[in-house]
Amino acid sequence: MYKEQDFDVIVIGAGHAGCEAALASARLGLETCIFTINIDTIAQLSCNPAIGGLAKGHLVREIDALGGEMAKVTDRSGIQFRMLNLSKGPAVWSLRAQADRVLYRNNMRQSLERQKNLSIKQAMVENIVVSDNSVKGVITSLGVFYGARAVIVTTGTFLKGLMHIGLDSFQAGRAGEFPSIGLSDSLKSLGLKMGRLKTGTPPRLDAKSIDFSKTTVQYGDDPPLPFSYSTQKITNPQLPCYITYTNKKTHEIILKSLHRSPLYSGKIKGIGPRYCPSIEDKVIRFAEKERHQVFLEPEGIETTEYYANGISTSLPYDVQIEIVRSIEGLENAEIMRPAYAIEYDFVYPIQLRHTLEVKNIDGLYLAGQINGTSGYEEAAAQGLVAGINASLKLKGKEPLILGRDEAYIGVLIDDLVTKGTTEPYRMFTSRAEYRLLLRHDNADFRLMDKGYGIGLVSEAVYERFREKKRLMDREIERLKKVRVKPSHEINNALLSLGTSAISEDTSLDKILKRPEIRYDFIKKFSSPPEPLTSEIEGIVEINVKYEGYIQKQMEMAEKLKKLEYKKIPADFNYKGIAGLSHEIIEKLSEVRPETIGQASRIPGITPTAISIILISVERYW
Ligand code: FAD
């Protein structure tokens, strides 16, 4: 076997998880190598060319606050930005950006290529070499060995990938790319338990053949708000999306063709994403619905290719054409790329620690879709955490473990390693207990100290954050101190907004707490000593308005932290504890929770079991 050079960290896969992992490790000064089957598809947006959206937008902001790359690349590649959910509370506002697929790939590739300490290699990794329960390196399909002190596997949908279009199937990692067969067997031979999942994508259409006049146009926000705390302005031209609908005829075509669907004929065994269903799933599960929305989204500035969001399918090509052409505006549409479904192997994530290191293999980390998640943002978040933790461990430093009250990334990883998943896992705001603490607008307040402390956030970005915090704190203080006297002017203004007049001196923050009042109103009566940006005004408003609720959630989180800090010894033997049922012992032995808090979140673990374990753990120490 030919032996090439040794690295500190090897990352297998240059998708969204791999890019973040490799950049983090190289930026932290470790000699890093990233392997990909095809250099031209680095950071490929395999499905929808869009980043963010509900809860996922929060993840992107958190990645940025910790010093990751996804938000910056999105800002450089975005062609439409929209803040979603503005009609609801601030906890669920979320930014979403449509990206130019080619620009996204090129911009991320540029970040990797310009990064010091980072080598990029096109090669298929076939084997992970482990001895004495410790990772030693990898072997490629050309029989080349590369040594490493840590290996991070981020292979997405490629492990034994099997594509389906109708009843035809082909081995592939995703459309037009080789699958990864040997590596899946290598992971299995290391003792990892694996399962099979499925996901799908809709057809891409040629804009020349779409009648946009029959659709509804949807513009982005003007001016667009960037994702990254380091972006000053979005400079790409901004493009609209279009909305049309399926109809009765579309649904009839689908129903009469179900026997040709690999999903409904039982050919696909993997479990699909419940929350991102195919059009055939939607037509069956929501039979009462007469139509489903279809968003026509541009794939880029320089292309006529459009993504038909909402009609993901694995039905045969001739049926796909019928489906598309039954939709208003798409009567003459040409399919440029067909829809397809893909099945792939994944690793049950309860075999990982919160650092994303495999429990019984020192130095082996897994991140991204390989852990059963679905989505670019979920993948990138895990990649960043794995890259940081592999580096911290090699430097002999404490790991980065984010709490459920600190970040959606904390919720994501805790869910994966504690509850596991048997279907593609995607992030939702409803998965977080402390939604009011984990807002989109305050990711920097929650995480930038950590990103800076680790060494991934630049001095300039951190200094801007400190200034923002100073201005915010000062304004909140001012609103508490400044009192307004009752006057015709203010009382008429209050009454005109449907809220009551004031009868005595009242502090500005008390007025701002009223649901009808926005910060703009306060500013008219008493402006701050120096003008604030609209971003800071927004944060001030949220912090003042929701102060009571935020305080309550913080107290709750603080109470539960006591359990979170109670460590369970790694070799703790549950079998010897009287009072625990067989089923509970089995579950605890499988997950091997690191703290009492984690144990309490394992499905099926009762409060009584927790008190019994707590007593035993206290005796043990
Ligand atoms: P990927 O982005 O898949 O990257 C994997 C990387 O690993 C690639 O660079 C590949 O070359 C490399 N690689 C694999 N094996 C090897 C090897 N042996 N040696 C070297 N390199 C290797 N997400 C959603 O949120 N919603 C959706 O509706 C959705 N639909 C999808 C539909 C399809 C058809 C596909 C393919 C994906 C879909 N996704 C969807 C998922 C989304 O694309 C992924 O979640 C995300 O890209 C995962 O990122 P990742 O970094 O884990 O892996």
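**Figure 1. Helix α9 in the predicted model.** The expected span of a helix is 1.5 Å times one less than its number of residues. The 19 residues of α9 should therefore span 27 Å, and its end C-alpha atoms lie 27 Å apart in this predicted model, in agreement with that value. A residue is taken as buried if 20 or more other C-beta atoms lie within 10 Å of its own. Because 16 of the 19 residues of α9 are buried, the helix is largely enclosed by the rest of the structure. After α9 comes G396, with a positive phi near 70°. The mean pLDDT of the protein is 94, and 100% of its residues reach 70 or more. For the complex, the predictor gives a pTM of 0.94 and an ipTM of 0.98.

**Figure 2. The shell around the ligand.** The ligand is surrounded by 36 residues, of which G13, G15, G156, G368 and G375 are the closest. At least two residues of this shell come from each of α1 (16–27), β2 (32–36), β12 (194–201) and α9 (376–394). Sorted by class, the shell holds 20 polar, 14 nonpolar and 2 charged residues. An unreviewed UniProt entry carries the annotation "binding site" for G13, A14, G15, H16, A17, G18, V125, S180 and Q369.

**Figure 3. H16 and Q369, two of the positions annotated in the UniProt entry as "binding site".** H16 belongs to helix α1. It has 34 C-beta neighbours inside 10 Å and therefore counts as buried. Apart from neighbours within four places in sequence, H16 is in contact with A43, M70, G368, Y376, A379, A380 and G383. Q369 sits in the loop between β20 (364–366) and α9. Q369 is also buried, because 29 other C-beta atoms lie within 10 Å. Residues up to four places away in sequence aside, Q369 touches G156, T157, F346, S374 and A379.

**Figure 4. L167 and its contacts from elsewhere in the chain.** L167 is located in the loop between β10 (162–165) and β11 (168–171). With 14 other C-beta atoms within 10 Å, L167 is partly exposed. S261 is 94 residues from L167 along the chain, yet their C-alpha atoms are separated by 6.6 Å. When neighbours within four places in sequence are left aside, the contacts of L167 are R260, P262, S265 and K267.

**Figure 5. Helix α11 and its surroundings.** Helix α11 consists of 12 residues, 443–454. From its first C-alpha to its last it reaches 16 Å, close to the 16 Å expected at 1.5 Å a residue. The buried residues in α11 are A443, D444, R446, L447, M448, G451 and Y452. Their cover includes α2 (56–65) and α12 (459–481). G455 follows α11 and has a positive phi, near 110°.

Figure 6. Most residues other than glycine have a negative phi, and most peptide bonds are trans. The peptide bond from D222 to P223 is cis, with omega near 0°; P223 lies in the loop between β14 (216–218) and β15 (241–245). D132 is not a glycine but has a positive phi of about 50°. D132 lies in the loop between β7 (125–131) and β8 (134–140) and is exposed, with 6 other C-beta atoms within 10 Å. L356, likewise not a glycine, has a positive phi of about 75°. The loop between β19 (340–347) and β20 holds L356, which counts as buried with 29 C-beta neighbours inside 10 Å.

How values were computed. Residues numbered from 1 in each chain as written. Predicted model: local features only at pLDDT ≥ 70, side-chain atom pairs only at ≥ 80, totals over all residues. Near = placed C-beta within 6 Å. Helix = DSSP H or I, 4+ residues; strand = E, 2+ residues; numbered from the N terminus. Nonpolar A, V, L, I, M, F, W, Y, C, P; charged D, E, K, R; others polar. Buried ≥ 20, exposed ≤ 12 C-beta atoms within 10 Å, placed from the backbone. UniProt positions renumbered as here; feature names shortened; annotations may be inferred. Contact = placed C-beta atoms within 7 Å. pLDDT = per-residue confidence, 0-100.
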